Amino acid sequence: MEGDTGMKEVSLEIDGKKVTVQEDTTILEASKGVGIDIPHLCYDPRVPPIGTCRLCLVQIEGQAGLSISCNTPVAEGMRVCTENEEIAAIRKTILELILSQHRVACTSCDQEGACKLQDYAYRYQADEARFGLPERRPTERNYTTKSEAILYDPDKCILCGLCVKYCEEVPMAEALTFAGMLDEMRVSTAFGTDLPESPCVLCGGCIAVCPSGAMVDRAAIGKGREKDLIKTRTVCAYCGVGCQLDLNVNPRTNKIVRVTSEPEYIPNRGNLCVKGKFGMDFVGHPDRLTTPLIKRNGKFEQASWEEAIKLIADRLGQIKSKTGPDSIAGLSSAKCTNEDNYVFQKFVRAAVGTNNVDHCARLCHASTVAGLARAFGSGAMTNSIDEIRNAECIFVIGSNTSEAHPVIALHIKEAAARNGAKLIVADPRDIELVRFAKLHLQQQPGTDVALVNAMMSVIINENLLDKDFVKARTENFEAMAEAVKEMTPEKAEKITTVPAEKIREAARIYAKAKTASIIFSMGITQHTTGTDNVLSLANLAMLTGNVGKESAGVNPLRGQNNVQGACDLGALPNVYPGYQSVEDPQIQAKFKKAWKTNLSGKSGLTVVEMIHAIEAGSVKALYMMGENPALSDPNLNRTRKALEKVDFLVSQEVFLSESAQFADVVLPSLCFAEKDGTFTNTERRIQRVRKALSPPGEARDDWQILCDVSTAMGYAMRYENASEIMDEIASVTPIYGGISFDRIEPVGLQWPCLDKDHPGTKYLHKGEFKRGKGKFHAVRFREPAETPDKKFPFILSTGRQLYQFHTGTLTRKSRAIDQKSPTGYVELHHEDAEKYSIGEGDFVEVSTRRGKVITKASVGSRVAKGWLFMPFHFAEGPANMLTNDALDPIAKIPEFKVCAAAIKKAEPDLER
Amino acid sequence: MSNTVGTEACLDTKALDEILGSIPDVGGDDLVPILQQVQKAYGYLPKPILMTVSERTGIAAARIFGVATFYEQFHLEPHGRHTVRCCRGTACHVRGGPGIIEAIKQALGVEPGETTEDMRFTFETVACLGTCFLAPVIMVNNDYFGNLNARKIKSILERYT
Ligand code: SF4
Ligand code: SF4
Ligand code: SF4
Ligand code: FES
Ligand code: FES
C-alpha cells in the first residue's frame with residue numbers, strides 16, 4: 001500500500017476555476033472541493049461510485065460526448081464544464097424519466113425539503129408528467145412492512161442503488177439487494193425476509209443515503225417535515241466513540257423526530273449505529289422524572305426543589321458532623337458531561353470534604369488506566385480513531401467492537417476488507433470481526449496473559465523485536481524478557497487452547513507490520529488480572545516499537561459516552577482533574593487555593609469498596625448522579641442490600657432506575673439532548689454537547705443541582721453556564737489547559753491541549769513517553785479467581801450486545817430496538833445444548849455460587865464448548881446476579897468476564 | 001440472534017454437497033453456475049438450499065436472492081413438469097390476451113405464478129414472447145401456439161401429461 005504521500009497531485013480547471021487535487025480524485029469530488037455542486041443522485045462519498053443515474057454528466061474539453069463525473073478521475077490539464085444548455089437539457093430529460101417511475105407525492109411526503117430528487121426537479125423545472133405518470137401499484141407487503149425502524153416505499157424508489165451499496169460497503173451487513181426484473185425491480189432483503197429477522201444491523205445508513213423519499217424513518221412519519229424541524233448538532237449519548245449527530249427536533253412538539261448525521265462529521269463520517277440512530281426514544285419518554293421526589297414511609301412523594309435540597313443539605317450536614325466526611329460517598333457518572341463531573345467531584349471534595357468519589361469506569365476500564373499509567377504514564381487511547389484505517393496490522397483482543405463500538409468497527413472492517421490490513425482477532429467467541437480476520441485466536445476466557453506472553457517469547461526468540469526502540473525509549477526490558485521466556489507457544493497452547501502455530505503466526509504478523517495497532521476493551525480489563533492483561537499488551541507494543549507513531553499504539557475503547565471525560569475530570573478517588581494525585585502535597589495546595597477550602601489528602605473509596613463500606617457501616621450516605629449500580633455492579637444481591645441499608649441515599653436521575661428506587665431523595669435531571677456541555681470521546685476528543693430541546697417538567701441540569709446543594713451546605717458554588725465551568729476546568733487541569741467552548745465549536749480538540757495555541761494531540765507518546773521512558777513489566781500468567789468444577793462446569797462470561805446499552809435504562813425504551821432485541825439470553829454451544837436437552841429459545845436457569853436467573857437459550861457456535869455468554873442489559877434476567885465481585889488487586893475492577901456456572905432447562909415463567 | 005446453526009435443513013443437501021464440492025474456492029463469479037446446477041438438481045431454487053449456499057460460500061443471502069430473481073431462468077418456487085407461458089404484451093392484449101389468461105386460469109385452477117397441485121403445470125405470464133405476429137400467443141415448454149382463442153386452450157393443455 002502506498003500511503004497518502006505516494007499519491008501524485010494534478011491540476012485542472014473546472015468551470016474556469018483552477019483546482020489541484022490528488023490524482024485518484026473524481027471530477028465530482030474535485031468540483032465539490034471548490035464549491036461547485038454537480039447534481040447527483042447515486043453518489044455518496046462513503047461508497048464506490050455506482051454511476052447509474054447519469055445526472056452528473058459533464059463536458060470535458062476535447063472529448064466527444066459527455067462524461068459521468070462521479071466515476072471519472074481527474075487528469076492533468078483537464079478542462080471541465082459542469083453545466084451548459086445542452087447538459088441542463090439532458091439533466092431535465094433524465095429527471096423527467098426518473099419522475100415517470102417515481103410516485104410524486106411531495107404534498108404528503110415527510111422528506112419534502114430534504115429530497116434531492118425534488119430539489120433537482122425544481123432546479124431544472126422537470127415536468128413530472130412528460131413521460132406519463134407511473135401506474136399506482138397496489139401496496140404490497142415488503143421487507144419493511146413489519147419494521148418499527150424503516151419504511152421502504154417501492155413507488156418512490158428511483159433504483160439508484162445507494163442503499164444496497166451502502167449496506168454492502170459500510171456496515172458490510174449485506175442485508176439488501178435489488179430483487180426482480182425490469183419494472184418489478186425493487187429493494188429487498190433475501191427472500192423478502194422481514195427486516196428484524198434479516199442480517200440488518202439497523203444502522204440507518206440506507207435511509208441516510210436515499211436521495212428520494214423511498215427509504216425513511218418509520219417513527220418520523222407525520223411528525224414534521226424538513227422545514228418544520230430544527231437540527232442541533234451534538235454528540236451521541238451512548239458509547240465512547242462519540243459520534244456526531246443532528247437531533248432533528250420539531251419545536252412545536254418539543255420532540256426528536258429523527259436523528260441524522262453528515263459525511264463530513266468526525267469521527268464517524270456520518271455513520272451511526274442502531275443506538276445513535278434509533279435509540280433516542282428515551283429522551284421525551286413519559287416515564288421521565290419531572291419533579292423532585294422524597295420518600296416518606298416507604299413511598300415517593302412529589303416535593304419542591306427548595307424542600308428537597310434543604311433536606312439533602314441537612315442530612316448530609318448531620319452525617320458529616322456526626323461520623324465525619326469520609327462516611328459520605330459520591331458516585332459520579334460517565335453519562336454526564338465533563339462540566340457535571342467536574343462540579344460533582346468538586347462538590348464531594350470541597351463541600352463534603354472527602355475523596356470518596358468514583359464512577360462506573362471502575363467497572364470497565366480501571367485496569368486500563370492503572371496499567372497504561374504504569375507503563376506509559378497516561379491511561380488513554382494512544383491513537384485516533386481515524387488512524388485505524390491505515391494500520392498495517394490490527395490486533396483486536398477482548399473487544400467485540402462490532403457490538404460495543406460499532407462505528408469503530410466500521411474503520412477496522414474497512415482497513416481489513418479494503419486497505420489490506422492484516423486483522424488478528426483474539427476472542428473466545430466467534431464475533432463478527434472474525435469474518436474479516438486473517439487469524440482468529442480463540443483463547444479460553446481469562447488466559448490473555450499467557451497468549452500475549454507467548455507472542456512476545458516468539459518475537460524475542462525470532463529476533464523480531466525493535467531493538468532501537470527498546471533501547472532508546474524503554475526500561476526494564478530484561479525483567480520482562482525473563483518473565484515471558486517460560487511461556488513457549490506450546491505451553492500457551494495448553495493454557496489457552498490456541499494452537500501453538502497460530503500463536504507464532506500472530507506474533508510474526510504483528511511484529512513485522514510497519515504499523516500495528518492494538519485494540520482492546522472489556523474482554524481484557526474485566527478480570528482479576530485486568531491490570532496484568534493491560535500491562536502485557538503495553539509490553540507487546542513497546543517490544544515492537546509500536547507506540548508513539550501514527551496508526552499504531554495501544555487503544556482501549558472506552559465504554560460509556562463520557563467515561564474518558566469522567567476520568568479526566570477527577571471522578572476518581574485518588575486524583576483531581578487531569579490525573580493529579582490527591583496525595584501530592586503540592587497539587588493539593590494548588591487545588592486548596594483554587595477552590596478556597598481545605599481538602600482531604602487521603603485517597604477515597606472505589607465503587608465496590610463503597611458498597612462494602614456501607615455493609616460494614618462506615619459509609620452512611622451515598623450521593624449518586626446518573627448511576628445504576630443496582631444493575632451494573634457485580635454480585636447484584638449484595639449491591640442491592642447495601643443500597644437498602646445505607647442511611648441516606650440521594651439519586652440524581654432522568655428515570656426512576658432500579659437504583660433510584662432505593663433512594664431517599666430523587667432529583668430529576670436533564671438528559672444529554674437538553675444540556676449544554678462537553679463529552680470527551682475514547683480518542684480524547686473533547687466535543688460540544690448542545691441543547692436541542694427543553695427539559696420535561698422541573699428537571700434541572702446536574703451541575704446546577706449540585707451547586708444548589710453545595711451552597712446549601714455552606715460551600716458556595718455558582719456558574720452562569722457550562723462554558724464558564726470549562727474555563728475553570730482549563731485553569732486547573734493542564735491537559736485541558738487550552739480547551740474553551742469557542743475553540744471546540746467546529747470539531748473538538750484532542751487532549752493533551754496545553755494552552756490556547758496548542759493544536760491538540762492526535763497520538764500520544766511521540767518522541768517521549770508521558771512518564772519519560774516506557775516501562776516494561778514482568779507479568780506472569782495467573783488463573784482466574786474462579787474456575788469450573790463439577791457443580792459449576794461452565795465458564796460464564798458477560799458482555800454487551802449491539803442493540804442495548806449498559807443497563808438498558810435508555811435503549812430499552814426504543815421500539816425499533818425492542819423489536820430487534822426484546823429480551824435477554826444466554827449463548828451456549830450446540831453440543832452442550834444437546835447434552836442438556838436444551839433447544840433454541842428454551843427457558844433455562846443459569847446459576848453460579850452467587851445466584852441464579854432464568855433466561856432464554858440461544859444455541860449455536862458463537863461460543864466454544866464449555867462456556868456461556870450473557871449480555872448484561874436486561875433487568876428481567878440480570879446477568880450480574882451471577883457475576884463475581886472478586887477484584888483485581890491493583891485497579892479494583894471486578895471479574896465480570898469469568899465465573900463458574902451451571903445451566904439447566906427451566907419451566908417458563910408464564911408471566912414474562 | 002445470529003447465534004443459530006442455520007435454517008433447519010428440511011431438504012437433502014447431498015446434491016448441493018456435490019455441486020459445491022466440484023467447485024474449488026467458490027467466489028462470487030460462480031454464483032450463476034451454482035444456481036443453475038441447484039435448479040437442475042432440485043427442480044427449482046429452494047430457500048433452505050440457498051441459505052445453505054450462503055452459509056457455506058460466504059456469499060450474502062441477499063446477493064443470492066438478487067441474482068435468483070434477476071434472471072427469468074430461475075425459479076424460487078417448486079416448478080411443474082410443464083411450463084405454460086402466456087403473453088401479456090400489447091399486441092396480444094389488444095387481440096384478446098386477457099381472455100386467454102382467464103381460460104388458462106380456469107383450466108388449471110391456479111393464478112399466474114402458481115403451480116398446479118399435481119405438479120403438472122406451472123403457469124406464468126410474460127411481458128412479450130417475441131412472436132407478436134401470432135398474437136395472442138402462449139408457449140408450453142418450447143412449443144408456440146398462436147392465433148388463439150379461449151376455446152382452443154383446453155385441448156392444447158391436454159397434450160401435456
Ligand atoms: S439499516 Fe443499515 S444494515 Fe440495515 S439494511 Fe439499512 S444499511 Fe443495511
Ligand atoms: S430506496 Fe432510495 S437509495 Fe435505495 S435504491 Fe431506492 S431511491 Fe435509491
Ligand atoms: S457507535 Fe457509539 S457513539 Fe456512535 S452512534 Fe453508536 S452508540 Fe452512538
Ligand atoms: S451521481 Fe454520477 S451517475 Fe449518478
Ligand atoms: S405482445 Fe404477445 S408476443 Fe409480443
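Predicted model: local features only at pLDDT ≥ 70, side-chain atom pairs only at ≥ 80, totals over all residues.
Reader: How are α15 and α16 of chain A packed, and at what angle?
Author: Two packed helices are described by the angle between their axes and the distance between the axes. For α15 (residues 489-496) and α16 (residues 500-512) of chain A, the angle is about 115° and the axes are 8 Å apart. The crossing of this pair is right-handed.

Reader: Which residues make the contact of α15(A) with α16(A)?
Author: From α15(A) you have A:P489, A:E490, A:A492 and A:E493, and from α16(A) A:A500, A:I503 and A:R504. By class, the contact has four nonpolar residues, no polar ones and three charged. Glu and Arg count as charged, so A:E490, A:E493 and A:R504 are the charged ones.

Reader: What makes up the shell around ligand 1?
Author: There are 13 residues around ligand 1, and the closest are A:C167, A:A173, A:C200, A:C203 and A:C206. Helices α4 (162-169) and α5 (205-209) of chain A each supply at least two residues of that shell. The shell divides into 11 nonpolar, two polar and no charged residues. Cys and Ala count as nonpolar, so the closest residues belong to that class.

Reader: And which residues come nearest to ligand 2?
Author: Of the 14 residues around ligand 2, those are A:C157, A:C160, A:C163, A:C210 and A:A214. The shell has 12 nonpolar residues, two polar and no charged.

Reader: How does the shell around ligand 3 divide?
Author: Around ligand 3 there are nine nonpolar residues, four polar and one charged. Of its 14 residues, A:C236, A:Y238, A:C243, A:C273 and A:G276 come nearest. The elements giving two or more residues to this shell are α6 (274-278) and α11 (406-417) of chain A. Gly counts as polar, so A:G276 is one of the polar residues.

Reader: How many residues does each chain bring to the contact between them?
Author: Chain B gives 15 residues and chain A gives 19. On the chain B side, helix α4 (residues 61-70) supplies the largest share, eight residues. The chain B side divides into eight nonpolar, four polar and three charged residues.

Reader: What share of chain B counts as buried?
Author: Of its 161 residues, 29% do. To get that label, a residue needs 20 or more other C-beta atoms within 10 Å of its own. Chain B has seven helices and four strands, running α-α-α-α-β-α-α-β-β-β-α from the N terminus on. The C-alpha atoms of chain B fill a box of roughly 55 × 30 × 30 Å.

Notes. Residues numbered from 1 in each chain as written. Chains lettered and ligands numbered in written order. Contact = placed C-beta atoms within 7 Å. Near = placed C-beta within 6 Å. Axes fitted to C-alpha atoms, helices over the stretch in contact; angles between N-to-C directions. Left-handed = near helix turned anticlockwise from the far one by under 90°. Buried ≥ 20, exposed ≤ 12 C-beta atoms within 10 Å, placed from the backbone.
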